[in-house]
Amino acid sequence: MDKALSRPAMVSRVSDLIGHTPLFELCRTDTGSRLLLKLEQFNPTGTAKIRMARQMVLDAEERGLLRPGGRIVESTSGNTGLGLAVIAAERGYTFTAVVDHHAAADKLRGMKALGAELVYVAEEGDEELATAAREEFAEKLAAESDNAYFTEQHNNPANGDGYRPVAHELDAALDGRIDLLIGAVGTGGGLFGTGGELRRTVPGVRIVGVEPKGSIAFGPPAHDYYQSGTGTPEGATIGAMVDYDLLDEGAKVGDIEAFATARVLARRIGLLIGGSAGGVVYEALTRMSSLAPGTTMVALINDGGEKYMDTVFNDDWMNARDLADPVVEREIDELLTKLREN
């Protein structure tokens, strides 16, 4: 196995297991174009965001903003918080996660299990995404606490820096043969941190961002959405990591299509991915027929589906919110089946 894709044989810290995640060929066309999934769920905590969580803490230490025994504060929908909880535990910090009830319950339970303190900005039963309120409260909480640091993931350059190794892993695995990189855009760190570094060695790579319909990074209209941990809701500030100069194209995918894709992949392939990752795969699949022959498209799969058993993979939850659509699922299933026969 290529060393760039292999994990260390033995480690002494959980964070040493970050990276070296596998590539999975989901499908290809009869003209030789292929869709590869970068499965970031094989990181500790089952998500890409532990990469940037570690980098934000290391950067704060280097800049003298975190002292021994200090407190890390972050506003999070869950995956960043899971990563910060691990790094805090390893390095002797306490971690306070400012959250809302829009987050998947398993993410909230996971952070608590890892020792995080959860502070809610919304009442029980309120599922509205409260990004702006979370950010404001997290900043205030850190400012009023002694030896506390607000990592502020949406505007922290170390966020993007944490994803640069993803570009190195892709380049090494594919020997630079990457034509299109597609990924979800929330803070922007994952896609643009990876894409910016990849452009250094693969200048011609096209970068396509995906956000939920209702998110505002790629323009209106704004409305509520259920995809967790991605996008920019109305009233929130677009993250400083969102680099429009790097972006070749921005696309929007609705909750119904995103969740249907995640559910089809689980049933047809045996692969559990998160809801926003379903949106990325949906957009990638719909582009396959228009790709030039021999194109390699890589989709960044930011987390696995295990955290969404109460939501995306729960029929009652889906039906109660009018998100289940058997027709859409069947269409995706047929498209995926056709592409996998090549």
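Is Val11 buried, partly exposed or exposed? In this predicted model, Val11 is partly exposed, because its relative accessible area is 31%, a value that lies between the 20% limit for buried residues and the 50% limit for exposed ones. Val11 is found in the segment before strand S1, which spans residues 23–28, and together with Val14 and Leu17 it forms a nonpolar patch on the surface, for which the three residues have about 190 Å² of accessible area together.

**The sheet**

The strands S1, S2, S10, S7, S8 and S9 follow one another in that order in an open sheet of six strands with mixed pairing. S1 and strand S9 (249–253) are its edge strands, each pairing on one side only, and neighbouring strands of the sheet are turned by 25° against each other on average, direction ignored.

S1 and S2 run antiparallel and are joined by five bridges, with Phe24 standing opposite Leu37 in S2. The two strands form a hairpin with five residues between them, and in the turn Gly32 has a positive phi of about 90°. S2 is also joined to S10, in this case by six bridges and in the parallel sense, and here Leu39 stands opposite Ile301 in S10.

How many of the six residues of strand S2 are buried? Six of the six residues in this strand (residues 34–39) are buried, so S2 is largely enclosed by the rest of the structure. In a regular strand the side chains alternate between the two faces of the sheet. Both faces of S2 are covered, with Arg34, Leu36 and Lys38 buried on one side and Leu35, Leu37 and Leu39 buried on the other.

Further along the sheet, strand S7 (residues 180–184) and strand S8 (residues 206–212) pair in the parallel sense over five bridges, and Leu181 has Ile207 in S8 as its bridge partner. Helix H7 (residues 189–201) lies across S7, S8 and strand S10 (296–301), and this helix runs at about 160° to S7.

**Salt bridges**

Side chains of opposite charge can pair when their charged atoms come close. The structure holds 25 salt bridges, and the table gives some of them.

| Pair | N to O distance |
|---|---|
| Glu40 and Arg51 | 2.6 Å |
| Arg109 and Asp310 | 3.0 Å |
| Lys140 and Glu144 | 3.1 Å |

In the salt bridge between Glu40 and Arg51, Glu40 lies in the loop between S2 and helix H1 (50–62) while Arg51 lies in helix H1, so the pair ties together parts that are 11 residues apart in sequence. Glu40 and Arg51 are both buried.

In the salt bridge between Arg109 and Asp310, Arg109 lies in helix H3 (residues 105–113) and Asp310 in the loop between S10 and helix H10 (315–320), so this pair ties together parts that are 201 residues apart in sequence. Arg109 is partly exposed, with a relative accessible area of 47%, and Asp310 is also partly exposed, with a value of 37%.

For the salt bridge between Lys140 and Glu144, Lys140 is partly exposed at a relative accessible area of 46%, whereas Glu144 is exposed at 57%. Salt bridges that share partners also join Lys38, Glu40, Arg51 and Glu169 into one network; within this network, Lys38 is one of the buried residues of S2.

How values were computed:
Residues numbered from 1 in each chain as written. Predicted model: local features only at pLDDT ≥ 70, side-chain atom pairs only at ≥ 80, totals over all residues. Heavy atoms only, no water. Patch = residues over 30% accessible without salt bridge, like charges linked within 9 Å, V, L, I, M, F, W, Y side chains within 5 Å. Areas by Shrake-Rupley, 256 points an atom, 1.4 Å probe, with all protein chains shown as cover. Salt bridge = Lys/Arg side-chain N within 4 Å of Asp/Glu carboxyl O. Helix = DSSP H or I, 4+ residues; strand = E, 2+ residues; numbered from the N terminus. Buried < 20%, exposed > 50% of the residue type's maximum accessible area, 1.4 Å probe, protein only. Pairing = 2+ DSSP bridges. Axes fitted to C-alpha atoms, helices over the stretch in contact; angles between N-to-C directions. Contact = heavy atoms within 4.5 Å.
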